[in-house]
Amino acid sequence: MKRSIRKVAVLGSGVMGSAIACHFANVGCQVLLLDIAPRELTDEEKSKGLTLDNKVVKNRIVQGSFDRSIKSNPAPLYSKKFASRISLGNFADDMSRIKDYDWTIEVVVENLEIKKKVYEEVEKYRRAGTLITSNTSGIPIHLMTEGRSDDFKKHFCGTHFFNPPRYLRLLEIIPTAFTDPEVTKFLMYYGDLHLGKTTVLCKDTPAFIANRIGVYSIMKVLDSMQKFDLNVDEVDKLTGPVIGRPKSATFRTTDLVGLDTMVKVSSNLHQALSKDEERDRFVVPEVVLKMEQNKWLGDKTGQGFYKKSKNANGETEILTLDLKTLQYGPKAKAKFVTLEGTKTIDSLKQRLPMLLAGNDKAGEFYRDSFYSVFSYVSNRIPEIADELYKIDDAVCAGFGWELGPFETWDVVGVEKSLAIMEGSGKRANDWVYEMLASGHKSFYVIENGQRKYYDIASKSYKIIPGKEEFIILENLVDQIIWKNAESKITHLGDGILNFAWHNKGFVLGSPVFDGLKKAIEIAEKDYTGLVIGHQGADFSLGANLGLVFMYAIEQEYDEIDFMVRQFQNAVMRIRYSSIPVAVCPQGRTLGGGCEMTMHSDIVQAAAETYIGLVEVGVGLIPAGGGTKEFTKRVSDSLEEGDVELNALQNAFMNIATAKVALSAEEARETGVLRKNDRISINKDRQLKDAKSAVQEMAEVGYTMPMQAKNIRVQGRSGLALFTAGIYGMRMGNFISDHDQKIALKIANVMCGGDLTSPQEVSEQYLLDLEREAFVSLTGEKKTLERIKSILTGGKPLRN
């Protein structure tokens, strides 16, 4: 059956319901968000003479929930204007409207009887053949279908989103025995392509896959923590980015999610898992129960494992809970020899074996916790999944792990680890031993550019379903045609090259620019197009500030000038080459990364792209073509009779306030992305989408553009108006003297410098102006202070 989703009804407007509604609005759906009508009036409603039949009163709960959601941070919407795609109502008046909707998602309280009552109402109005799903995180899916019609059962499924739905990429799909396989197939497809999710097909087992493994891992960390006498700060140091986990690690994550949520899920698992060999691991420790009793639930109650406080100087500081005394104290410094020895190793896959081989408490902690997880996941097949890749996909997408349990086990060494595991009483399931005995030494292999997983039933490697739709660079090692210390050029097939780079922060310096130049040269000679992008967490944090700082301290201004020229030449080569070039920003795309993006023929941005020209934050101006490009775009957009200064002022403010768009959609609104630039909702599809875009441009006949020489600038007249405004801001103490100096430099470039009248200038003319401004600012003491603050661990630049 051909099915399309244009209208989605969400039943339940709590934290998850409102956020799910927002995400469907993000992808262009018309959304109806419903909740119960209140049973009592508030004092304010009574004073206004309102009754329970008043529409405002009836929608009070849903309106309040939705308002809180769209004001929350991080934002659930790609753009504030998308809120208009969501209409609100209540169950009593508006349930009948679901007859016009393609998909109804139930997100009410986790109570089976309440859910069943909602489904009774849904049955009255739902149109036959439309989807009906539940976002439950713990109630068995099959129990919800009791008493329902055959058509309801056929189109019913569990669809478990993770909170917050916009940002966490996991969507667990849990069919029942009655679910039409075509419905399951559609939900897997739609979740991936349209919602940007890693969709994982799950069995109807307690907590499904991600929470079953993720919560076990957390509870095992608590056990290992006690075993090796570690404190909260030490554990979060050990379980964060150093092992490929989120910065929030273990206890900060628990504070964010809510201690009560962890306690509830773990307790429910202990109750439900009567045959689980590790059932007792889900018993919540007494100290955690005491915290719950004290309402120390984390961010929602103001304190949990951490607490914000004011010190004697009135400054905010973060205190850490001592689990032995239940007293808060200053954050403890966590130092381990094992961690110190791996500081210089950027590769997670190289670092993990060294961490597990450590001879201190850190090494012991890692071995105890990791090997327990390895044993546990091996015993969950086929209970919670028949294929091991599903466990890895679910945990990575739901908990933000860079490597799943089986991927981690491969990195550590499967055969090597088994003897150590056995020595500590942690035995893997028999199928792991059988895998090794049959000559298969790892859970994953790469063959002919395809990543395959070990299939237990057939005892062979199979292609991971759905992954053929993605381009995964690490699988294309055999297709690398050139590389240097920090970058590589890979043939993606069909005459399209990829240029990618790899260093800390994905910063842009000489090795990267040398590689980029080489990629364009090779593509122009023997290929048809180029895709610039990689699959790291962030696209680029900008230029190499450390090098700028070093040259500035030594007053080597000629070297800085050379650096900037090299940067400018690189981005201009992107713009002016004989082959089409796509740039693929994702994550943080700041400063030079933004400038690189703005000079492509087409941008294929990930939806979660946080992009902007942030150079002002370190006392500089964008000089890799960013200031020039905003000026050019204003000039290109104007029609006869338009007031140029209004548009120019908006562009100026983007630069002068270091504006960072917090989504690709928002970047379109700020002018960083153009109308014809494209967005990939699922970032796993981004490189393939970009390749297709470049192929399209090549096939219709790509012609290299000519450098612009007709950029209209205002000269002295425009500069005078900007100067007046900037001085006014300074006199009002809204900006500092140094901020004023930077703002005047930006205005000077955007107005074309000291020109006696408005006129047309070339791109190179503006590039020269922005480079001169950049170099001059590196001689300012305040600029050096700001750069030093960033380099020495000051707060990251934010909008």
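Me: Which residues line the second largest cavity?
Reply: In this predicted model, the second largest cavity is lined by Ile-611, Gly-612, Leu-613, Phe-630, Asn-654, Lys-659, Thr-670 and Val-672. A cavity here is a set of points, on a 1 Å grid over the protein atoms alone, where a 1.4 Å probe fits but cannot get out, and lining residues have an atom within 4 Å of a point.

Me: What volume does that one have, and how does its lining divide by class?
Reply: The volume is about 40 Å³, taken as the space filled by probe spheres set on grid points that are joined across faces, edges and corners. Its lining has 4 nonpolar, 3 polar and 1 charged residues, where Ala, Val, Leu, Ile, Met, Phe, Trp, Tyr, Cys and Pro count as nonpolar, Asp, Glu, Lys and Arg as charged, and the others, Gly among them, as polar.

Me: Switching to packing, which residues have the most contacts inside the largest nonpolar core?
Reply: They are Tyr-366, Leu-388, Ile-391, Phe-406, Trp-409, Trp-431 and Phe-443, in a core of 108 residues. Such a core is a set of buried Ala, Val, Leu, Ile, Met, Phe, Trp, Tyr and Cys residues joined through side-chain atoms within 4.5 Å, and buried means under 20% relative accessible area with a 1.4 Å probe, protein chains only. Apart from it lies another core, of 53 residues, among them Ala-552, Ala-747, Cys-751 and Leu-777.

Me: And what is Ile-391 in contact with, beyond four places in sequence?
Reply: Its partners, with contact meaning heavy atoms within 4.5 Å, include Ile-209, Ile-213, Val-377, Arg-380 and Phe-406.

Me: What should I keep in mind about the model itself?
Reply: Local features need pLDDT of at least 70 and side-chain atom pairs count only at pLDDT 80 or more, while totals for chains, interfaces and linings use all residues. Residues are numbered from 1 along each chain as its sequence is written, and side-chain values use heavy atoms, with hydrogens and water left out.

Key: Buried < 20%, exposed > 50% of the residue type's maximum accessible area, 1.4 Å probe, protein only. 1 Å grid on protein atoms, 1.4 Å probe; cavity = no way out; pocket = protein on both sides within 12 Å on 5 of 7 lines; lining within 4 Å.
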